[in-house]
Amino acid sequence: MLTHRTIEWRYTAEQDLGILSVSGYLGPDAVHRFTGAVGWALARGTGPVIVDLTGLRGWSAEGQLAITEAARRLAASGRSLELAAIPADGSLVPGGDCPLIPVHADLAGALAAHSTRHDEPPQGRPEWQTTGRPTGDQQRA
């Protein structure tokens, strides 16, 4: 019998990417806590949210539904949800109306999938650094 029937979570914002690390057991008793964590991520970040499940011991059908509902919530705000390291005891099977949920083997793989986007300057906008504007159209004095 599990003595801890809830989850712990931590949210980290990195550039245009949020990482929501979840540990414990995502069962019926923890769904409200997970929903609150997703609300926290929505209010404090931008871009995709990677839900890092490395520390998750398992999840119930209700927990899996909470994940798909989080993907819907984020999509409604113009953001996406991705999973890293899903529990070995099951796979996520979202409904047909659920947005695509990319699944990565681990957090390092999820971050690597975003590294090219973060290393490139934004298209159509100048990139500013502490040394000035690094574009060729900079006027010289």
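**Exercise 1.** In this predicted model, determine the handedness with which α1 passes α2.

*Solution.* Helix α1 passes α2 in a right-handed crossing. For the geometry, take the axes of α1 (residues 31-44) and α2: they come within 10 Å and cross at roughly 20°. Angles under 35 degrees count as roughly parallel, and α1 and α2 are therefore roughly parallel to each other. Next, list the residues in contact. From α1 these are V31, F34, T35, V38, G39 and L42; from α2 they are E62, G63, A66, I67, A70, R73 and L74. Sorted by type, the residues of this contact are eight nonpolar, three polar and two charged.

**Exercise 2.** Find the salt bridges of the whole structure and place each one.

*Solution.* The search returns two salt bridges. One joins R33 to E8, with the closest N and O atoms 3.6 Å apart. R33 lies in helix α1 and E8 in strand β1 (residues 7-14), so this pair ties together parts 25 residues apart in sequence. R33 is partly exposed at 34% relative accessibility, and E8 is partly exposed at 46%.

E69 forms a salt bridge with R72, the closest N and O atoms being 3.5 Å apart. Both residues lie in helix α2; because they are three residues apart, about one helical turn separates them. E69 is partly exposed at 41%, as is R72 at 26%.

**Exercise 3.** Decide whether S60 is buried or exposed, and locate its contacts.

*Solution.* S60 sits in the loop between β3 (49-59) and α2 (61-76). The cut-off for buried is under 20% relative accessible area; S60 has 10%, so S60 counts as buried. Beyond its neighbours within four places in sequence, S60 contacts Y25, L26, G27 and P28.

Key. Residues are numbered from 1 along each chain as its sequence is written. This is a predicted model: local features need pLDDT of at least 70, side-chain atom pairs count only at pLDDT 80 or more; totals for chains, interfaces and linings use all residues. Side-chain values use heavy atoms; hydrogens and water are left out. Helices (H or I, at least four residues) and strands (E, at least two) are DSSP runs, numbered from the N terminus. Buried means under 20% relative accessible area, exposed over 50%, partly exposed in between (1.4 Å probe, protein chains only). Contact means heavy atoms within 4.5 Å. Axes are lines fitted to C-alpha atoms, for helices over the stretch in contact, and angles run from 0 to 180 degrees between N-to-C directions. Angles under 35 degrees count as roughly parallel, over 145 as roughly antiparallel, 65 to 115 as roughly perpendicular and the rest as oblique. A crossing is left-handed if the near helix is turned anticlockwise from the far one by less than a right angle, and right-handed if clockwise. Ala, Val, Leu, Ile, Met, Phe, Trp, Tyr, Cys and Pro count as nonpolar, Asp, Glu, Lys and Arg as charged, and the others, Gly among them, as polar. A salt bridge is a side-chain nitrogen of Lys or Arg within 4 Å of a carboxyl oxygen of Asp or Glu.
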